[in-house]
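Subject: Structure handover

Hello,

Here is the structure we talked about.

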Amino acid sequence: MTAFLLGVLSSLLATALVLVAGWFRVGRPRWWLVGLLSRLTGTGITRLYGRQGSSEADLARDLARARWVKVLVGRGNVFTRDTFAPLWSGSPTPVQVLLPDPDSDSASGSWLANRGTDLGHTDPGFGPELLRAQVRVNIDYLDRVGRRNPALDLRLFDLPNTFRIIATDTGAYLTFYSRYEHGRHSPCLHLTSSGTLYDAALGLFEFAWANSAAARGGDG
């Protein structure tokens, strides 16, 4: 039931992403028109980045100004980059982080294991165990950060591993991963906090947070 409800919410957001991405492929993006449509429809979409990586400069600026930060990611490599560095340097900004549980298994395999298998279709170096290992490294990294910064709260989830949310009090960056591609190759939406899609993204995060578990400590 949990996965079903999360899947329904994901589908609604994914539909909006596909429509906007398709429109942008037609011609040169017209930001004033995007802003107008955003106000008329209430969706709150203000920017579309063709690749997730191209959003990092704007993301870093927004994180530096944020009153709070909520992050749900599929792997967590972004935490080791300069984008998040100011938040790890003793910043009092509350940061909630959700990472996939690398030790979760079920009869049909965990969502993380399935994601690793899917990535292996286009990236021969990938598979379930490599993705698990990378997530474990990032959990250990955040565990060490959390020992010096009590404003960081890390939890683990085992739910559909298909999107990334980085939200602040002013907006959110939303990426839906293509099934067989790394997230960095996927388009990313910026959502203003006054739009309905921002509320939906926060709802997805809170749903996943409520169904997560406390992270186990690293090896020190």
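Which residues have the most contacts inside the largest nonpolar core? They are V71, F79, F84, W88, V97, L99 and L142, in a core of 29 residues. A nonpolar core is a set of buried Ala, Val, Leu, Ile, Met, Phe, Trp, Tyr and Cys residues joined through side-chain atoms within 4.5 Å. Buried means under 20% relative accessible area (1.4 Å probe, protein chains only).

This is a predicted model: local features need pLDDT of at least 70, side-chain atom pairs count only at pLDDT 80 or more, and totals for chains, interfaces and linings use all residues. Residues are numbered from 1 along each chain as its sequence is written, and side-chain values use heavy atoms, with hydrogens and water left out.

Helix α6 (128-148) is among the elements that supply at least two residues each. It gives the most, with 5. Helices (H or I, at least four residues) and strands (E, at least two) are DSSP runs, numbered from the N terminus. L142 touches F79, W88, V97, L99, L152 and L154, not counting residues up to four places away in sequence; contact means heavy atoms within 4.5 Å. A second, separate core has 22 residues, including L48 and F157.

On confidence: pLDDT (the predictor's confidence in each residue, from 0 to 100) averages 80 over the protein. Of the residues, 75% score at least 70. Where pLDDT is low, the predicted coordinates should not be read in detail.

Best wishes

Definitions and conventions. Buried < 20%, exposed > 50% of the residue type's maximum accessible area, 1.4 Å probe, protein only.
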